[in-house]
Amino acid sequence: MSFDFDNPFLAVIVFIVIPFAAFFLSCLKNPFVASIPLGAPGGVPFKTSQMGGIVKLLKVLEFTGIIVFFLSAAGPAVKISETVMLNRGADIIFVLDVSPSMAALDMEGKSRYNAAKSLLVDFIKKRPSDSIGLVAVGKDAAMLIPPTVDREALHLRLEQLRIGEFGDGTALGMGLAVAAYHLEKSNAKRKAAVLITDGENNAGEIHPETAASLLREMGVSFWVIAVGSAGEVPIDYIDPYTRIRRTGMFDSRYDTDSLRRLSISGGGVFIAAPSTEAFASAFSLLDDTEITVQRQRIIHRRRSLSFQFLLTGIFLLMSVRLIKRRLLGAII
């Protein structure tokens with residue numbers, strides 16, 4: 001966004017001529033005007049410091065109103081540059097595990113969940129033309145944000161999401177089925193479902209491999225990213241329902257074999273991410289593989305502010321005149 005004038009020469013004249021004229025007039029003194037102190041002879045004259053300050057302020061406002069009033073004739077305007085996508089990108093739905101085990105702190109001091117959120121936000125920034133959706137998985141699963149290019153809504157819901165919000169469990173099959181349901185209605189040329197989890201399926205009424213097979217039949221690109229390391233790891237999170245902080249050691253032992261079989265059922269890709277570096281590499285591979293051709297155009301829009309400047313100038317001048325007449329009429 002930038003600001004300029006349709007007639008910059010006129011704007012320069014306003015900024016130079018009017019201040020110069022005001023300064024010149026202020027230097028002129030009327031020889032027929034005498035200064036007579038008010039008050040008793042030999043006594044203390046009346047103090048008008050407060051009123052003098054108000055009078056000076058009114059002069060400043062009046063001068064500002066004159067400047068703004070004449071600037072409206074110079075054509076003030078703002079120029080806005082907007083990037084418009086000319087083609088539709090891919091529809092990508094992330095199925096994110098938010099079960100309590102995702103609070104395990106084995107991602108260089110960060111939890112698996114927070115590491116996933118950070119990588120997800122970075123990925124979204126790189127794909128402006130793609131519609132991104134978000135499914136949360138716990139004991140149950142739900143579509144939080146259908147595929148959309150509204151990044152603000154997506155970031156807000158992702159920020160509001162809490163570990164344990166959908167209960168203690170991992171219904172992978174339900175999460176994949178929800179993603180498949182929405183992707184089936186999509187008319188995007190490229191569609192993908194990305195499962196991010198640290199556990200095996202232990203809840204829900206739909207078997208994960210059944211839902212994965214459905215994604216394969218629909219021609220959806222399927223990714224399974226298994227995050228976390230095996231063994232005892234510290235865990236720390238606040239239960240969203242009881243508001244009680246849960247801390248301690250967690251015995252992390254998810255079955256990578258079952259997740260690998262799940263990716264095979266969906267004709268997809270399995271990536272183990274036991275570390276922060278491996279987790280970031282998984283997202284990098286996802287970004288490089290799910291390529292969409294982005295065509296865009298920058299549109300420049302111009303919005304005139306002449307009317308706003310005119311109203312502001314009139315308002316300032318009328319306000320000063322009203323104050324002088326009604327409030328300071330006996331002094332000025």
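How many bridges join E6 to E7, and do they run parallel or antiparallel? Six bridges join the two strands, which run parallel. The views below show a predicted model, in which local features need pLDDT of at least 70, side-chain atom pairs count only at pLDDT 80 or more, and totals for chains, interfaces and linings use all residues. Residues are numbered from 1 along each chain as its sequence is written, and side-chain values use heavy atoms, with hydrogens and water left out.

**View 1. The whole protein holds nine helices and eleven strands.** Helices (H or I, at least four residues) and strands (E, at least two) are DSSP runs, numbered from the N terminus. Of the 332 residues, 39% count as buried. Buried means under 20% relative accessible area, exposed means over 50%, and partly exposed lies in between (1.4 Å probe, protein chains only). Now take contacts, meaning heavy atoms within 4.5 Å. Among contacts between residues at least 6 apart in sequence, 81% join residues at least 24 apart.

**View 2. Six strands form an open sheet in the order E5-E4-E3-E6-E7-E10.** The pairing is mixed. Two strands pair if DSSP finds at least two bridges between them. Strands of a sheet pair through backbone hydrogen bonds, either parallel or antiparallel. The edge strands are E5 and E10 (269-273), and each pairs on one side only. From one strand to the next, the twist averages 15°. Helix H5 (residues 172-184) packs on this sheet. H5 touches E3, E4, E5, E6 and E7 (221-227), and its direction makes about 165° with that of E3. For such angles, axes are lines fitted to C-alpha atoms, for helices over the stretch in contact, and values run from 0 to 180 degrees between N-to-C directions.

**View 3. Strand E6 (residues 191-197) pairs with E3 and with E7.** E3 and E6 are parallel over six bridges. Ile93 stands opposite Ala193 in E6. Leu96 stands opposite Ile196. Toward E7, Ala192 faces Ser221 as its opposite residue. From E6 the chain crosses through helix H6 (residues 208-217) to E7, and this β-α-β crossover is right-handed. Right-handed means that, with the strands pointing away from the viewer, the path from the first strand over the helix to the second runs clockwise.

**View 4. Both faces of E6 are covered.** In a regular strand the side chains alternate between the two faces of the sheet. On one side of E6, Lys191, Ala193, Leu195 and Thr197 are buried. On the other, Ala192, Val194 and Ile196 are buried too. Seven of the seven residues of E6 are buried, so the strand is largely enclosed by the rest of the structure.

**View 5. Helix H4 (residues 151-160) has the buried residues Arg151, Leu154, Arg157 and Leu158.** They cover an arc of only 135° around the axis, which puts them on the same side of H4. The arc is that of the directions from the helix axis to the C-beta atoms. An α-helix has 3.6 residues a turn, so residues three or four places apart point the same way. On the other side of H4, Glu152 and Glu159 are exposed. The buried residues pack against E3 (91-97), H3 (112-126), E4 (131-137) and E5 (141-148). At the start of H4, a side-chain oxygen of Asp150 comes within 3.3 Å of the backbone nitrogen of Glu152.

**View 6. Ser221 sits in strand E7.** At 21% relative accessibility, Ser221 counts as partly exposed. Leaving out residues up to four places away in sequence, Ser221 touches Lys191, Ala192, Ala193 and Glu290. A polar contact is a pair of N or O atoms within 3.5 Å; within protein, one must be able to donate a hydrogen and the other to accept it, and residues adjacent in sequence count only if both atoms are side-chain atoms. The side chain of Ser221 makes such a contact with that of Glu290 at 2.5 Å, and another with that of Trp223 at 3.2 Å.

View 7. Glu108 is not a glycine, yet its phi is positive, about 55°. Glu108 is exposed at 69% relative accessibility, and Arg243 is exposed at 60%.
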